[in-house]
Amino acid sequence: VINLIIASLQFQRALALARAPAACLNFNCMLILLPVCRNLLSFLRGSSANPVGGLYVAFTYLAGLTGVIITLALILIITSSTKIIRRSYFEVFWYTHHLFVIFFIGLVIHGAGRIVRGQTAMSLAEHTPEVCSKNFTDWGKKGACPVPQFAGNPPMTWKWVVGPMFLYLCERLVRFWRSQQKVVITKVVIHPFKTIELQMMKKGFKMEVGQYIFVKCPAVSKLEWHPFTLTSAPEEDYFSIHVRIVGDWTEGLFNACGCDKQEFQEAWKLPKIAVDGPFGTASEDVFSYETVMLVGAGIGVTPFASVLKSVWYKYCHDATNLKLKKIYFYWLCRDTHAFEWFADLLQSLETQMQERNNAEFLSYNIYLTGWDETQATHFVMHHEEEKDVITGLKQKTLYGRPNWENEFKTIARQHPGSRIGVFLCGPEGLADTLNKQSISNSEADPRGVHFIFNKENF
């Protein structure tokens, strides 16, 4: 009997402790679906009557079973979302993440067992807790407070999540509709070091600089969607992405496009592609500033390819209405693998600006961060040549990492009283550095120079 009483007390305390986190969970689950509604973001930019043990409740009661299921689902979702799993075993992350469906179903029906009990409305009218708590020894006696009556509380979670679930359902319907629209691959370009460029066309497709799309290739996987930044400009009659071959899915796309074959591939042999998007990013605001700093790390240069192409087109036609007057472009690479496909664009811009006597419009600095002194010495010997021996550009390639404090201070001196947009597509560590520099080099005076930091992480 004593053990039964102790188990009952422990179970009651556990219920009380569970209710507070449950309230927080309800609120979190109301919000958890909103971040995955990409179109929406682009548009908006008690006690128990039976004293039983915890294990018995966990595996025999509805609340216990659903609680175990949603806990296991949440653990699998969180552990498979780590950086090493996403990059090395993307399929594991992709499929495990869809356990969110089971999680939300279990969450909604978790309270249907009404294991958490509360005082009934009729009992509250006769037994007011504020009054009766002071004379609990007289409960049930004539003229005193009656013994309180309890019943299971109705489930409440569905009220918190039904709104976001409806929005998410609409989101999925929009995605499905978009995925059914025909996409034509007009050109496949193979760049050095296993980087391919897909040029595509789609009826009604409109984009802005720096946006991204999700791509599905049913020939590789019927379920997987992968994000890629658009490298084309809005002024072009097609949209393009650059895909670096770094995993099973990208390898499958590489082979499906016939890039592993030497002979020319007919257009009808190219795989079907589904495209969802485009979706907005911070890079869209580039043309809202007169002065910007663009910082790309490795393949993170792709959103700025779209920006620089758009600038080139605007200068070719009419640059008088262009608010943007100065671009400071920084590209950090560990090696020379990424230079080949991007250097041509920089050369075109360099030539265009010189022809229009505006060579100062674009200042760019390319850094090789992974080279040691022995590798760099050979190229330093050719530093006096007219063009850089690596990129073919007039601006010489630099070695090591930028001194960001000096860069920010120099730019601040050259543009006093300006709002300078700082745009990054790169790793989190570099984002922290640039964010701190943006804050420390911004003046307290509203009329002084201010650096506005924007980032995209990969």
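Visitor: Which residues of α10 are called buried, and what makes them so?

Guide: Buried means under 20% relative accessible area, against over 50% for exposed and partly exposed in between, with a 1.4 Å probe and protein chains only. In α10 the buried residues are Thr157, Val161, Pro164, Tyr168, Glu171, Arg175, Arg178 and Ser179. This is a predicted model, in which local features need pLDDT of at least 70, side-chain atom pairs count only at pLDDT 80 or more, and totals for chains, interfaces and linings use all residues. Residues are numbered from 1 along each chain as its sequence is written, and side-chain values use heavy atoms, with hydrogens and water left out.

Visitor: What makes α10 a helix, and why does its span agree with its number of residues?

Guide: Helices are DSSP runs of H or I with at least four residues, strands are runs of E with at least two, and both are numbered from the N terminus.

Visitor: Where is the kink in α10?

Guide: The bend at a residue is the angle between axes fitted to the seven residues ending there and the seven starting there. At glycine 163 there is a kink of about 30 degrees, shortly before proline 164.

Visitor: Why is β4 described as largely enclosed?

Guide: Seven of its eight residues are buried, so the rest of the structure largely encloses β4.

Visitor: How do you know which strands pair with β4?

Guide: Two strands pair if DSSP finds at least two bridges between them. Eight bridges join β3 to β4 (residues 195–202) in the antiparallel sense, and six join β4 to β7, also antiparallel. Isoleucine 190 is opposite isoleucine 196 of β4, while threonine 195 has arginine 244 of β7 as its bridge partner.

Visitor: What makes β3 and β7 edge strands?

Guide: The open sheet has the order β3-β4-β7. Both β3 (183–191) and β7 (239–244) pair on one side only.

Visitor: Where is confidence lowest and where is it highest?

Guide: pLDDT is the predictor's confidence in each residue, from 0 to 100. The lowest mean is 52, in helix α14 (residues 373–380), and the highest is 90, in strand β5 (residues 212–216). The chain mean is 77, with 79% of residues at 70 or more. Where pLDDT is low, the predicted coordinates should not be read in detail.
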